[in-house]
Amino acid sequence: MSKRKRSPLTSAAKRHALVEHDESENDDEGGSELLVQLPNADEVASNSGIVESITLKNFMSHSYLGPIHFGSNVNFVIGRNGSGKSAILTALIVSLGGNAQATSRGTSLKSFVKRGESSADVSITLNNKGMNTYKPELYGSSIIIDMRLTHDGVRTYKLKSEGGQIISTKKEELESILNSFNIQVNNPLSVLNQEMSKSFLHGKGEGEKYRFFMKATQLDQIKDDLIQIKVSRKSTEEKLAKLSEYQKEVKRNYQEQEARYKNLSSINELETELEDLRKQMAWAVIGEMEKELEPIKTKLQTDKRTTEKYDEKVNEWQDKVKEAENKYKQLQEQQDGFKRQVQELLPECSKLKDEAQKHNAVFKSSEIAVHRCQVSLKDLAKDKVQLSSRIHDLQSSINQATGAARRAKAENIQRIQLQLENLNHCISTLTQQIGQYQNACRRVKEEHGKIKQEHAIQQRSLHASEQNLRTMEASRSNRLRRFGEYMPGLLYAIQEAHKCGQFKQKPRGPLGYLIKLKDPEQALAIEVCLKSLLFAFTCDNYDDEKALKGIMAKVMQSGRRPPIITSKFLPRVHDTKRRAVNHPSYPSVFQSLEIEDPVVANCLIDQRGIENILLIKNRAEAHRVMISEKPPPNCNLAFSVEGDMIFTNRSYSSDQTRAKFLTGDVEKEIIHITRELENQRAKALDLQQQMKKMEEDIKQNEGLEKGAHAEMKIANDKVKRYQLELSDLQNMEEPQLEDLKQLEDELQEMTEKISTKKNEWEDERASMSVFKVNYKRAEQEYQQHKENIDSINEEAEGVKEELIKVEQEVNKCMHHKKHYEDKRSGHLQNIRELEETLQSKEQEVQVSITKAQQVCPERLQVTQTARSLDGAMNSVKVKIATRKQVEGDPEQILRELQDTLAKYKDLAEQIRSFILFLKKLDMAIKRRVAFHAELRGFLSAHCKYIFNNMLSERGFTGNINFNHDKETLSISVQPGSMSEGDTVNMRSLSGGERSFSTVCFVLSLWEITDAPFRCLDEFDVYMDMVNRRASMDMMLKAAEAKRNVQFIFLTPLSMSSFPNADLIKIFRLKDPQRGEENADEAQS
C-alpha cells in the first residue's frame, strides 16, 4: 500500500537492482543541443516529488540535451521526431529505477548508451518542498539524482543535496525517496509512453484492460497480498499439524522417563558411600601434602645454618683483603719513602762525585811528578853505578898490591851493596806504583761497570721508547696495538675460538680497549688507577679461563702475559647507587668512563671499586677534599690529573708523567715520545763517550802497570846478579885498593845529588800521599752515598716486586671474596626460592584445606592413603556406572524428565498461540477480502462516473463494463453523431475518437489515483483538431483542478493555438539533423 498520507490506494513498487558507485563523469564531447523555451508565466507553488529539471548526456542518440526546467503544473515538450522527446521520457523512467521493458524502447539498459560512448549520464532534480519532504536536513529543498549507465548495462547513482554534496550512492536510498514521494515510473498512469498508448488503443483485450485498471489502481497488489496471506495460512496450518504430532510424541517420552525415574532407588546408597569416600579423600590429600612440606622445611633449616659458614668465609676473605690492602699501603709508603730518600741523596751524591773527580785529577798530577822523580833517581843511580864501575876498573888496573885488592874488594862489596839498596828501593817504589795502577784500574773499572749498567738500562729504555713509538704509529690505524703488538692476533684467535665453540661466553679484553674517556685530561689519572687492569681479560668461568690461557700460550710465546680475571658474566651493570660516591663537583672513575659492555663495567667495579674513587683535577684541591676536610661518603681514595694518589690520611706521587694507553691525541703522543727518544739517545751517547774515555784510562793504567812489572822484573834480575856477585866477592881474597880521589869526589857529588833527588821524591811522595788520602776520602764518601742510593734502589726494587705480589694477593683475595659472596648470594637465592616454594606449598595446602572444608567442614582422621581411597572411590564409581548403565543416571533421567516436561509445555503454548493466530488471521482475511471487494466496487463506479462526464464534454456517451468474476473490462462509446442507444466498440471508432476516448479513460483513472507527476507521450497523434482541442481542454481543466500535481505532455504537434497561461510551460526542442533522426528511428 502507499506510504503517502493523502491516498491509501497506491504503494511503492519493489525494486531490486544493484547500485554501483562511480564518481567519475564524462565531459560533454559532442556539444549540447539547442533548447528553445517559450515565454511563460511565473511558476506556482509546487509539491514534493515533482521533477524540477532533467539533463541528458550521451543518452540514446543525443550527446547532450538539457537542462530542461519543468514547471510545477502543466508542461508541454514539443518537437519533431528524433528531437529528444522520447529520450527525455525514457531517461526519466530509467533514472528513477524503471526497467528497460517499461520504456518500450529497448530490451536492456546498455542499448540506451549512445553508440561509440562508454557511458551515459542523466541528472534529475526533484522538488523536496511541501508536506511530504524527505530528510530536508540532509538534502535541502531539492534532491539531485545523478545516474550513470555504462555500456555493460550497469547503473550507478549519486544522490546529492541541493548544494551538490553527495549524500548516498545506494539504490536503497533512492527507493526510500521514491516511496516517500509515491513515484511509480513503471505504473502506466504515471508514465504512459507512445507505444503503450498505441497498444492500449488498438491491441489490448478486455482482460488486459482489466489488468491495466487493477495495476493503475494498485488493486492487483492488494489481491496479491491476500493470496500470499492465504498461502502463509496454509503453511501455518501444516506446521500446526506437525507440532501436534510432535507434542503427542513428547508426551509419550515424558511418561516413559517418569516411569524409569521412579524405578531408581539403590544408586542413592552408593552415592552416599561415594560422598563419604570423597570427604576422606579430601583430608587424606591434605595429610600427604603436609608430609611433603617436612623435607622442604628440614632443608630450609639446614641451608640457613649453612649460611653462617658462607658468612664466615666471606668475613675471612674480607679480613684477608683488608690485611693485604694494609700491607699494600705499607709497601707503597715504604716505596714512596725510598723515592724521597733517593731524591734527597742525589744532589749530595753529584756534589761528592765532582769533588772526587777534582781530587783524582790533583792526585794524578802528583803521581806523575813522583813518577818523574823516580825516573830521575833511576838515571842518577845508573850514572853512579857506571862511575863506581870506572873507579873499580881503574883501581883494578892500578893497584896490584894485596892492600889494593882488599880495598878493591871492599869497594866492590860496598858498590854492590849500594846497588842492591837502590834496587830494593826501586823495587819498593815499583811495588807501590803497581798497587796504585791496580787501584786506579779497579776504580775506573768499577765506574765503567756502573756506567755500563746505566748505559744498558738506558738502552732498554731507549728500546722500550722505540717500541712505544712504533706502537703509537701503528695505533694510528688500529688503537688496539697500544696494548701490545700481539693484541690484534690474540683477539683474532679468541674470535675464531669462540666461533668454534671453545668458549661458553666470549672473553672480554683488554679492558682498557673496551672503555672510553669522557674527559681526555683524566687519562693519566685513570691509567694510574687501573694499572694492570688495562691489559687484563675477563672470563665467565674457569673452563673459559683455561682455554684463554692456551690461546695466549700459542700467540704469546715470550713476554709477560695479560692477567685473567674470572667472574660470572651478568647482563646488567651492578646497581651502585647506594654504595657509590656522588660528589657535586667531581666525578668518580665510573662516571668518567663510557662502558658499553656491562661485563667490563662489572669487572672494573668488582676488581678496583671504580664507583668509590674520585677524580679531582687539581692536586691541592684533592688534598683539601680528601684530607683537610671530611671525605665524601663512600670514598676513601682519589686521584689527581697528575696521577697522584690521595687517601684520607696520606698521599703518594706517581712515577708516570704521561698517559700511554688511554690518550686520545695520537700525534701529540708520537711527538712527545720522539722528543723523549732523542733525549734518551743523547744521554746514551754521552754515557758511551764516558765509557770510551774510561776504557782509555784503563788501557793507559794497564800499560803503566805492565811497564812497572817489566822494570820490577829487570830490577829483580839485577838483585839476583848483584847478590851472586856479592857472594863471589865475599868468598874472594881482599885485594888492596888504590885511592882515586877525583873519581871518589865525583862519586861523592853524585851521591849527594841522589840524596837531594831522593828528598825531593820523598816530598812529592808525601804530597801524593796527602792527595791520595784526600782522593780516597772523597771517593769513599761518594761511593758511600752511591752505595746508599744503590742500596735504597735495591730495597725499593724489592719493595716494588713485593708491592706487585701484594697487589696480586689483593686481587686474589678480592676474587675469592667475590667468589664466596656470589656463592652466598646463590645460596641465599636458593633459600628464598625454598621459602617461596614452602610458602606456595603452604598456600596450596591452605587452599586445599579450604576446598576440603567445603567438602567436609570437620577434619577427619584418615588412616588410609589417598591412593587406596582413590581405588575405593573408583570401585564405587564403577558400581554406580554399572547401575546407571542398566537403569540410567538418576540425575540425567531427572534432567531429561524436566527437559521433556518443559518441552511439552512449550509445545502446548506454541500450539495455543498458533491456533489463536489462525483465528485472528481468518478474521483479518475476511475483513481484507470484504474491503478489497468494496474498494474495487467503489473505484469501478467512480471510474464509470468520471468517464461518462469526460465523454459528455463532446456530447459523447458511453459506459465501462466491469466483470470482476471474469476479470474483464470493456469500454463502449457512442459519438454525438450516432443515434441514441447505438454504442459501439472502440475499435469501430475513428482514430481521433478512439484517442479522445482513451484520454477520457486515462483522466478517469487519474481521478482515482495519486502521483506527484504524470507523463503522456504523443497522446494526440491520432486526433483531429476538434477532438485534440477538446482533449486538451479536459486535461488542462484536470490540471487546474490538481495544482499540486505535475503534468508533462510530449507531442510532435504545434501548440501555437494555445494562449499563454500561468500554469502552462511549453518547451520546443531543436529539430534534429538527418543523421540523428535516422539514428533515433533505428533505435526506436
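Predicted model: local features only at pLDDT ≥ 70, side-chain atom pairs only at ≥ 80, totals over all residues.

Modeller: Contact here means that heavy atoms lie within 4.5 Å of each other. The buried residues of α9 are M487, P488, L490, I494 and A497. Among the elements that cover these buried residues are β11 (537-539) and α11 (542-555). After α9 comes G501, which has a positive phi, near 80 degrees.

I turn now to the aromatic rings. With centres required to lie within 6.5 Å, the count comes to six aromatic pairs. One of them joins F70 and F1067 edge-to-face, at 5.7 Å centre to centre and with 70 degrees between the planes. This pair links distant parts of the chain, 997 residues apart: F70 belongs to the loop between β3 (62-69) and β4 (74-78), whereas F1067 belongs to strand β23 (residues 1064-1069). Both F70 and F1067 are buried. The ring centres of Y134 and Y139 are 6.0 Å apart and the planes stand at 40 degrees, so this pair is tilted. Y134 and Y139 are likewise buried. Ring pairs also join F76, F1047 and F1049 into a cluster.

Charged groups complete the account. R650 lies over the face of F647, 4.4 Å from the ring centre, and the charged end of R721 sits over the ring of Y722, at 5.5 Å from its centre.

Definitions and conventions:
Residues numbered from 1 in each chain as written. Heavy atoms only, no water. Phe/Tyr/Trp six-rings, centres within 6.5 Å; stacked < 30°, edge-to-face > 60°. Helix = DSSP H or I, 4+ residues; strand = E, 2+ residues; numbered from the N terminus. Buried < 20%, exposed > 50% of the residue type's maximum accessible area, 1.4 Å probe, protein only. Lys NZ or Arg CZ within 6 Å of the ring centre and 35° of its normal.
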